[in-house]
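Have a look at it first, and then we'll go through some of its features.

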Amino acid sequence: MTKIKTNKYPVYISLAALLCCLSFSTAAQSREKPRLILQITVDQLRGDIPNRHYHQFGEGGFRYLMDSGTIFLSANHGHANTETIVGHTTLATGADPAIHGMIGNVWLDRSSGELNYNVEDSRYPILTQDAGVDKKTEIDPTQRLARSDGRSPAAILVSTFSDELKIGLAGKSKNFAVSVKDRGAISMAGHSGKAFWFSKKTRQFVSSKFYYDTYPEWVTGWNAAKPAARYADEPWQLLNDKSIYLFGDADDRPYETDLPGFGRIFPHPYGKTDGKLFGTLLTLSPAGDELTLDFAKTLITNEDIGQDEITDYLSLSFSSTDYVGHIFGPSSLESEDNILRLDQTLANLFRYIDEHIGLEKTLIVLSADHGAPEAPGYLAELGFEADYIHPESFEKEEALQRLKARFGIGEELIATFFSPYLYLARDVIEKVGLDLAQVQDAVAMEISRFDGVALAVSSTALAQGNIPDSSLYNSVKRNFNPDRSGDIYLVFSPNRFINDFDGLNVAVTHGSPWRYDTYVPIMFAGMGISHKKITRPVETVDIAPTLSLIAGVKPPSGSVGAPLMEVFNP
Ligand SMILES: [Zn+2]
């Protein structure tokens, strides 16, 4: 096209550009505003999974989105640390972790020398007595690091889409977020919405003093009815005959986690309500999502969601796919059954919304906070050489000892390692009178030679922009926040990761910048959005600015993505 040199060409281009802009803005602005924007996040739903199981789905769940909506088939997170809080906050804010500040589930607070859990805030205790993390039974090692049961979004440095909706609509929109995980709800509710999450200890949905002084009556009522108790003495059974499953002949696998009483094969018993792990087991199965749905339906009715012209916002983050994926692997009979059960949960939710609000008045967007790797044991069965990373071996590496000798450091050089960041003992480095940047570079250089390490990037190099221009390095940079990031960012080789959850060996751990961890679905449906499959590469930071344009409010303060134009074009 650049070869055309007629005088008419510039006129033609500008007319075409004008027409394009006109049709774009007309579609965006004249469309009736949604009564409800429903943002669904499926924790650990890798981009290929809905397609892999499409033929097994029933009507009205995933198929409602996949058959009627605009589906992005090449969507990725652009940051390196593909963990829950990082991905959720990116979906909520349209910002990179470098900007929104949630650079990991955990980071080291340099002033106190303690590891911080992302949404912990001791100023705002949970409203329910004794509903915090039970350190004896909690299998999520990041949750166990919290020192109080207080929770708030205070550490999120920018606004979310839900915040902008509240600001733009004079505070009249109703904004709620629900998830089994505290961080899956608090991130999405933003600074101005209300968040509810599941206490594994009391098996109730709870909130903190940040959100309420006392619970609304319907919350107390839902909890008092003890809905979780219906799973007592029941097992998680297969939904269908084994023969219809892709992994039907692969139930018992040695790399699956064998939790006491729950086991590696179907049926998986939940046990008695007074069982030590009862609350935990509910979350490691479709039950967690079913309880989330039940609570959400009660919320929709009691809070009059979507009942007037003012757009409301509801975020539902379904956590079971993540927990089941960690314990059994994303390619397991358990994960396959879980996704079919999630499909039923979604169908149930969409039916309920259709009856109470109308699907035609509801805009739904579904995505995921991250994907997942395959279990090395599964890959090994298929002939790959694959193994976990064993961090103990790092500590014994002679290279680090040599470095300490070279720098004249007698004490520990490394303060702590919490994936993906290595924190150097800055006080020791200062005491010896060494240059921090020089030590960072030297340690990064040594560590990048370790077996299983693909990349070790020093924070000084990131701060100075002194890194190669590659997507891998850029993803690490997009994760870099000078106040919170550690001294060195570690990227393990593809398919290598640490699977040690403080002594419990799980099948898989996500958190890498490799495609299997960044690749997620993005699906928009409802409000006249047409059915399209888009293969153009897009990013998760594009979702929040798209929602802002649909709702007619400004994009979140730190957002860097661009609205997905295919959602607006007929
Ligand atoms: Zn996870």
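Helices here are DSSP runs of H or I with at least four residues, strands are runs of E with at least two, and both are numbered from the N terminus. This is a predicted model, so local features need pLDDT of at least 70 and side-chain atom pairs count only at pLDDT 80 or more, while totals for chains, interfaces and linings use all residues. Residues are numbered from 1 along each chain as its sequence is written, and side-chain values use heavy atoms, with hydrogens and water left out.

Helix 7 itself covers residues 182-189 and is mostly covered, with 8 of its 8 residues buried. Buried means under 20% relative accessible area, exposed means over 50%, and partly exposed is in between (1.4 Å probe, protein chains only). Among the buried residues of helix 7 are Asp182, Arg183 and Met188.

Now for the aromatic rings. Rings of Phe, Tyr and Trp (its six-membered ring) pair if their centres lie within 6.5 Å; planes under 30 degrees apart count as stacked, over 60 as edge-to-face and the rest as tilted. By this rule the count comes to 23 aromatic pairs. Take Phe57 and Phe62: their ring centres are 4.8 Å apart and their planes sit at 20 degrees, so this pair is stacked. Tyr421 and Tyr489 have ring centres 5.0 Å apart and planes at 85 degrees, so they make an edge-to-face pair. That pair links distant parts of the chain, 68 residues apart: Tyr421 is in strand 13 (residues 421-424) and Tyr489 in strand 15 (residues 488-492).

| Residue | Relative accessible area | Class |
|---|---|---|
| Phe57 | 4% | buried |
| Phe62 | 0% | buried |
| Tyr421 | 2% | buried |
| Tyr489 | 1% | buried |

There is also an aromatic cluster, and its members include Phe196, Tyr212, Trp218 and Phe295.

Asp354 belongs to helix 12 (residues 333-356), and its 40% relative accessibility is why it counts as partly exposed. Pro563 lies in the segment after helix 21 (543-551) and is partly exposed too, with a relative accessible area of 32%. How far apart are the C-alpha atoms of Pro563 and Gly503? They are separated by 44 Å, with the two residues 60 apart along the chain.
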